[in-house]
There are 2 protein chains.
Amino acid sequence: MPEDKSFHMTPEEFRRYGHAVIDWIADYQSRVESLPVLSQVKPGEIRASLPANPPARGEAFAAVMKDVEKIILPGVTHWQSPNFFGYFPCNASGPGILGDLLSSGLGVQGMLWSTSPACTELETHVLDWLVSMLGLPEKFLSSSTGGGVIQDTASSAALCALLAARERATNYTSNLKGCDGRIVAYASTQTHSSLQKAAMIAGIGSENLRLIEVDDRFAMRAEALAKQIEADKRAGLKPSFVCATVGTTSSNAMDPIAEIAKVCRQHNLWLHVDAAMSGTAMLCPEFRHLQNGVEFADSYNFNPHKWMFTNFDCNCFWVADRKALIQTLSILPEYLRNQATESGAVIDYRDWHIQLGRRFRSLKLWFVIRHYGVEGLQYHIREHVRLAKQFAAWVRDDKNFELAAPAPLNLVCFRHKGGDAVNQTIMDGLNRSGDLFLTHTKLDGKLTLRLCIGQTNTQARHVENAWKRILQEAEKAGEHSRSA
Amino acid sequence: MPEDKSFHMTPEEFRRYGHAVIDWIADYQSRVESLPVLSQVKPGEIRASLPANPPARGEAFAAVMKDVEKIILPGVTHWQSPNFFGYFPCNASGPGILGDLLSSGLGVQGMLWSTSPACTELETHVLDWLVSMLGLPEKFLSSSTGGGVIQDTASSAALCALLAARERATNYTSNLKGCDGRIVAYASTQTHSSLQKAAMIAGIGSENLRLIEVDDRFAMRAEALAKQIEADKRAGLKPSFVCATVGTTSSNAMDPIAEIAKVCRQHNLWLHVDAAMSGTAMLCPEFRHLQNGVEFADSYNFNPHKWMFTNFDCNCFWVADRKALIQTLSILPEYLRNQATESGAVIDYRDWHIQLGRRFRSLKLWFVIRHYGVEGLQYHIREHVRLAKQFAAWVRDDKNFELAAPAPLNLVCFRHKGGDAVNQTIMDGLNRSGDLFLTHTKLDGKLTLRLCIGQTNTQARHVENAWKRILQEAEKAGEHSRSA
């Protein structure tokens, strides 16, 4: 057999095709604004364009890229369009993409310190940087009792926090014996659904996640939390964990962390703070009052992949007591033993999350922070908040529209006063047009539109156009309902 | 404020810097063979080279790339070196890297079908392709009762399978009420440690994961499994789940799936098959006998990111009954409701895994399959197996060495007959030299070296050199022990 027979792409081929993909992405960045934001394909349409059977023989790279343009692109909802205002943003940026590319190229698997020391140490270092960049408490520093780790998503971070709380509350016996149905966790009715999922996964049960009522700003009522904890204790249960949110998904509500923390300390509960999108705002000192009390959190997380221009997936998760987390998630089979681990001088991040394997994700975060500097990140965050305030003012001043919730940062919840059907018609019309994309929620039982301003390239003209298009669709919806 | 002020990288800058990163990776591919495989840095060395504080102002891209070369590269253990024989491989390849780059550039978040139909449909399509490429049962096809999904790692796939089994066994009540400590799961003493971690996470408890004894080939004893299940049933417990392995991490042992499946059917247990590395071998029909009985599996997974040239992370996970999985992991808050989901005509993959958010990972898998074709993938797998058989023959023929386990595919477990200390010395000498990297396990209580041949670019000359270097280090270790 000839030694040099190979189907692999050579480095020189990689260089050529790589330049072509980079060019394709640069062109995509230039034209994404002109593409319909929400994909207009119907269920099954993409699959119908793909061959039923896998290729027996390899194909030319150009043929693959042709299909990307022809088949894949029409099926993409353009999260990177400056006219994307749906959900929360999920931002890419040049430095983020290139840091991630380097991670793919190095192909490192960082489960242990020794399987790539740079993967572990850069991550620890950048997460320490972020503690000061976001004004987080020093106990989260790796030089203190805590430390940070990159998780894939806030769902996984919440699950890890809940597991650590479960173990702490049961003296690290649930891991061995299994759950006994007595652990109770707390969130608000507005907390992200991933907490419910975490309670299901962790064997705690969704019925044992109490959803505490909120006030008229959709923030958790700390006194209702205290009451529920007391009732559960009287019932012989084990209250263990509270999730407070800095900026709920539905309406960007801010839970009163200081008040909640007081209740947690009184009853010895683990306090997890979920700042998935809004944590990025803490780059700017003027917004940090929104998470007053964060110094009492046992864990905290935010997603640079949402609003901090670092492409998916990248969730930063800190704990105040790393021992509790490691004791919860650690396993050490023979085939992973090594000198560095035994010495105790290093971090092995496999003990900080669900998975064993892990990618070199800190590279993209490091690239982003170095490219923008703190100044550049702050500039864009402030600009997005300014645009959201502007949009909220337009809503407030329009006789047909109303704000549905406070808009403390970059999410505006609003609705047409004409009722649910009109709002649905407006949203469907906008999204079908492809001019912009926004999503909805329900607040006070009413269908509410959400305009989230945070996409990397969103500028004033995109927000102005969004408002213009909303007014047009409202006009059409009004005519339609009048003629109906 | 000027509309055009921005710290973002422009498309033209992205094009220029992107070409530079591609060139850096192409050069890396050309020189990686000459770099020490195991990073030679000491704990803390990387961090000591990084500035204590984050940059206040943005830096030039060239400055970042300079630090990649100077600071990061020495801290990398080169999983992409053809001299990497440790653990299991974690392969990158040109088409895999470029598919992943495209995923970063599109920046799609595919939690729902509607948030990028192509992300969902390409994934379903490619996982259907793989069912036929690997000779898996048709029930795993999306057109049948089952379906496939890309998970990050085999750890997460095992956790999802265990959760679905837990719910099925408790009539979908553990999700609501929490676990009651009566669920029992089964694996072998050789099963990957991620199963223990999954039992801990799922609230089942590691003591309720029974580790069944193995035979002299390190494969699970089906009759011991049956006995344990019966004992647990008599004790009033709920046997629910078995994990069988196609190629254990420690020694590439093959559990007898057909026999285990018979026990599972008899007692109505969920059978999960973990083929993390060795599943890739099933591309070649001549190896499929190693997983005889797979047609009875309730779930199955393998990692293209290990041996199939698709960069991390990419785990393919199939279930025979998708409803069981979805019912286990589904949540639907108002802000994720949409017409396509309500219609029931689409797959929303957020209900198939732990996380909510998800990256467009099928792109890299699609790129790899199209670049290589089935033929190209088969060629390289067969070549790796041929080299492993060759290496095993050299071991067998050497009077100082012995094989420690059967070597059915690409992993050879072997040891010097001189005992643990000699083997430790050989391994440390090799790894410290940087010439190659291998890792160890314990079999029959003895320290055993593992040579796993599966890195993308490993050819005959790398394996020949590995054996030469092993003999040299053995010689040195012998002299050392004689003079000591």
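Reply: First a definition: two residues are in contact if their C-beta atoms, placed from the backbone, lie within 7 Å. This is a predicted model, in which local features need pLDDT of at least 70 and side-chain atom pairs count only at pLDDT 80 or more, while totals for chains, interfaces and linings use all residues. Residues are numbered from 1 along each chain as its sequence is written, and chains are lettered from A and ligands numbered from 1 in the order in which they are written.

Me: ok, how many residues does the contact take from chain A and from chain B?

Reply: It takes 130 residues from chain A and 130 residues from chain B. On the side of chain A that touches chain B, the largest share, 15 residues, is from helix 1 (residues 11-31) of chain A, where helices are DSSP runs (H or I, at least four residues) numbered from the N terminus.

Me: why do the copies meet through the same surface?

Reply: Because 100% of the interface residues of chain A are also interface residues in chain B.

Me: switching topic, at what angle do helix 4 and helix 14 of chain B cross?

Reply: The axes of helix 4 (residues 94-106) of chain B and helix 14 (residues 362-397) of chain B cross at roughly 145° and come within 7 Å; axes are lines fitted to C-alpha atoms, for helices over the stretch in contact, and angles run from 0 to 180 degrees between N-to-C directions.

Key
Helices (H or I, at least four residues) and strands (E, at least two) are DSSP runs, numbered from the N terminus.
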